[in-house]
Amino acid sequence: IVAHHFIGVAYLLAIGVKGDKKKSLHHLRLAAIGGVLESRYALAAQAYNSGNLQLALKHLSISAKAGHDESMKLMRGIRSKYPKEFAKALRANKAATNET
């Protein structure tokens with residue numbers, strides 16, 4: 001599972017391979033599903049940079065709950081910069097969590 005994280009990062013940063021965002025996301029998702037918190041954080045950062053705050057907060061909340069400090073820092077940054085969007089995404093995340 002950890003290998004998927006490193007492959008995803010390699011494609012993301014074009015280290016030893018041609019950069020490929022689609023392949024990067026694929027491998028990072030597999031690693032995140034397998035419990036690699038750094039992959040969740042990388043997915044959150046990519047979502048945040050693409051303007052998808054809801055998806056970013058979804059990944060961050062999962063990794064932050066598992067104790068990933070960098071995820072908590074990024075969540076605090078999002079909350080202070082986009083308080084309304086943060087509150088909306090947080091409500092959506094809680095609703096989704098309560099449904100399962």
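At 45% relative accessibility, G34 counts as partly exposed, where buried means under 20% relative accessible area, exposed over 50%, and partly exposed in between (1.4 Å probe, protein chains only). G34 sits in the loop between α2 and α3; helices (H or I, at least four residues) are DSSP runs, numbered from the N terminus.

The model is predicted: local features need pLDDT of at least 70, side-chain atom pairs count only at pLDDT 80 or more, and totals for chains, interfaces and linings use all residues. Residues are numbered from 1 along each chain as its sequence is written, and side-chain values use heavy atoms, with hydrogens and water left out.

Helix α3 covers residues 37-49. Its 13 residues reach 18 Å from the first C-alpha to the last, close to the 18 Å expected at 1.5 Å a residue; the expected span is 1.5 Å times one less than the number of residues. The buried residues of α3 are S39, R40, A42, L43, A44, Q46 and A47. These buried residues pack against α1, α2 (21-33) and α4 (53-65), with contact meaning heavy atoms within 4.5 Å. After α3 comes G51, with a positive phi near 90°.

Helix α1 has 12 residues and reaches 17 Å from its first C-alpha to its last, close to the 16 Å expected at 1.5 Å a residue. Its buried residues are H5, G8, A10 and Y11, and they pack against α2 and α3. On the α2 side, H27 lies in that helix and is buried, at 15% relative accessibility. Leaving aside its neighbours within four places in sequence, H27 is in contact with H4, H5, I7, G8 and Y11.

L12, in helix α1, is partly exposed, with a relative accessible area of 39%. Leaving aside neighbours within four places in sequence, L12 is in contact with S24 and Q46. The C-alpha atoms of L12 and K65, 53 residues apart along the chain, are separated by 25 Å. L13 also lies in helix α1 (residues 2-13) and is exposed, with a relative accessible area of 53%. L12, L13 and I15 form a nonpolar patch on the surface, with about 290 Å² of accessible area together. Accessible areas come from the Shrake-Rupley method with a 1.4 Å probe, and for residues only the protein chains shown count as cover. Patches are made of residues with over 30% relative accessible area and no salt bridge; like charges are joined within 9 Å, and nonpolar side chains (Val, Leu, Ile, Met, Phe, Trp, Tyr) within 5 Å.

A14 follows α1 and is found in the loop between α1 and α2. Its phi is positive, about 55°, although A14 is not a glycine. Most residues other than glycine have a negative phi. A14 is partly exposed, with a relative accessible area of 41%.

The largest nonpolar core has 9 residues: A44, L53, L57, L60, A64, L74, M75, I78 and F86. Such a core is a set of buried Ala, Val, Leu, Ile, Met, Phe, Trp, Tyr and Cys residues joined through side-chain atoms within 4.5 Å. The elements that give two or more residues to this core are α4 and α5 (69-81), and α4 gives the most, with 4 residues. A second, separate core of 5 residues includes L25, L28, A32 and A42. Back in the largest core, which includes A64, the contacts of A64 beyond its neighbours within four places in sequence are with S71, M72 and M75.

The structure holds 1 salt bridge, defined as a side-chain nitrogen of Lys or Arg within 4 Å of a carboxyl oxygen of Asp or Glu. The side chains of E70 and K73 form it, at 3.3 Å from N to O. Both residues lie in helix α5, 3 residues apart, about one turn of the helix. An α-helix has 3.6 residues a turn, so residues three or four places apart point the same way. Side chains of opposite charge can pair when their charged atoms come close. E70 is partly exposed, with a relative accessible area of 37%, and K73 is partly exposed at 49%.
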